[in-house]
Amino acid sequence: MTEQRTALVTGGNRGIGLEVCRQLAERGLRVILTARDRAKADAAAKTLDTGDVVPARLDATDPVSVRTLAADLARRGVHVDVLVNNAAVLVGEASGVLETTIEELRTTFETNLFGVVLVSQAFVPGMVERRYGRVVNVSSQAGQLASMGTYAPAYSMSKAALNAFTRQLAAATERRNVLVNSANPGWVRTAMGGPSAPRSVEQGAETLVWLATLPARGPTGGFFSERKPIDW
Ligand code: NAP
């Protein structure tokens, strides 16, 4: 029998994050469904009637919250094998790049980049030690430099920076069976994506779940959409 893997999902209480939790639990992983509000994590976990789902509090931007959860899991002997850095904010969408305030940039980078770095620093060293890890950084086409235009400057720049973090982390964990990739879920019907988006959360989660469960020698340091590599 193969060992049950444990996945931790940030922003797992709604939208694409919640669907990633559902699909990973369906595939037999133990899922730590995290939310910055513990009550929201509990409520979201209750909506998933499938598998082994454990709710927990994690504010990705708060070092104390990250340390507290990491210490709590370590005490319980729970190793995080899979990390889905899904939590993000979309701030100042309507501001052009010349009007975007530094405050909008700070708020955005705090969650979309610094939060991802903080959470990864807490859980990736254990993956390297145990020689198994899958990290999915939930990015966006908005962060793709090759096609970048005027859309949501703060958000787009934060996702481009997140992609750079993917490259750094993949290079730093090379040949340790830790596979680190960025994923574009596409335009998805969630609070962030809005009701006109063409894709369902099931479709949005698919590539993320594929990257979270890659076999050994799978790709690392890539940017994927619909399971295919795309330009940075
Ligand atoms: P969403 O419905 O707005 O959900 C965002 C999630 O992030 C919520 O659970 C939110 O928690 C959480 N979050 C925000 N700040 C947090 C923090 N500091 N700590 C922990 N959790 C935090 O967004 P979504 O559409 O599902 O997006 C999920 C991911 O896909 C994001 O990375 C987003 O950039 C990316 N994406 C989405 C689309 C799209 O069309 N929807 C397109 C491309 C990329 P609260 O409930 O507490 O606010």
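# Chat about a predicted model

Visitor: R75: buried or exposed?
Guide: R75 is exposed, with a relative accessible area of 64%. This is a predicted model, so the value is computed from predicted coordinates.

Visitor: Where is R75 found?
Guide: R75 belongs to helix α3, which covers residues 63-75.

Visitor: And how many Å apart are R75 and A152 in space?
Guide: Their C-alpha atoms are 41 Å apart, and in sequence 77 residues separate R75 from A152.

Visitor: Salt bridges next. How many does the structure hold?
Guide: There are 10 salt bridges in the structure.

Visitor: Which side chain does R76 meet in a salt bridge?
Guide: That of D72, at 2.9 Å from N to O. R76 is partly exposed at 48% relative accessible area, and D72 is partly exposed at 23%.

Visitor: What does E3 form a salt bridge with?
Guide: E3 pairs with R5, and their closest N and O atoms are 3.8 Å apart. That pair belongs to a network of salt bridges that links E3, R5 and D81.

Visitor: Why does E3 count as exposed?
Guide: Because its relative accessibility is 55%, and exposed means over 50%. R5 has 24% relative accessibility and therefore counts as partly exposed.

Visitor: What about R227, which residue forms a salt bridge with it?
Guide: E206 does, with the closest N and O atoms 3.0 Å apart. This pair links distant parts of the chain, 21 residues apart: R227 sits in the loop between β7 and β8, and E206 in helix α6. R227 is partly exposed at 40% relative accessible area, and E206 is partly exposed at 35% relative accessibility.

Visitor: Staying with that loop, where is the place of E226?
Guide: E226 lies in the loop between β7 (223-225) and β8 (228-229). Its phi is positive, near 50 degrees, and it is not a glycine.

Visitor: What is the phi of N177?
Guide: N177 has a positive phi of about 60 degrees, and is not a glycine either. N177 is in the loop between α5 and β6.

Visitor: How exposed are those two, E226 and N177?
Guide: E226 is partly exposed, with a relative accessible area of 47%. N177 is partly exposed too, at 25%.

Visitor: How much space lies in the largest pocket?
Guide: About 1,100 Å³. The lining of the largest pocket has 42 residues, and A88, Y155, T190, M192 and G193 are the closest to its centre.

Visitor: Which helices each supply at least two residues of that lining?
Guide: Helices α1 and α5 are among the elements that do.

Visitor: And cavities, what does the count come to at 30 Å³ or more?
Guide: The count is 1 cavity. The largest cavity has a volume of about 40 Å³.

Visitor: Which residues line the largest cavity?
Guide: Its lining is made of T10, A60, N85, A87, T111, G115, V116 and V119. Helix α4 (residues 102-130) gives the most to that lining, with 4 residues.

Visitor: Back to the surface. Which residues form a nonpolar patch there?
Guide: V97, L98 and M157 form one, with about 330 Å² of accessible area together.

Visitor: Where is the place of M157?
Guide: M157 is in helix α5, residues 153-172.

Key. Residues are numbered from 1 along each chain as its sequence is written. This is a predicted model: local features need pLDDT of at least 70, side-chain atom pairs count only at pLDDT 80 or more; totals for chains, interfaces and linings use all residues. Side-chain values use heavy atoms; hydrogens and water are left out. Patches are made of residues with over 30% relative accessible area and no salt bridge: like charges are joined within 9 Å, nonpolar side chains (Val, Leu, Ile, Met, Phe, Trp, Tyr) within 5 Å. Accessible areas come from the Shrake-Rupley method with a 1.4 Å probe; for residues, only the protein chains shown count as cover. A salt bridge is a side-chain nitrogen of Lys or Arg within 4 Å of a carboxyl oxygen of Asp or Glu. On a 1 Å grid over the protein atoms alone, a cavity is a set of points where a 1.4 Å probe fits but cannot get out, and a pocket is an open set with protein on both sides within 12 Å along at least five of seven lines; lining residues have an atom within 4 Å of a point. Grid points are joined across faces, edges and corners, and a volume is the space filled by probe spheres set on the points. Buried means under 20% relative accessible area, exposed over 50%, partly exposed in between (1.4 Å probe, protein chains only).
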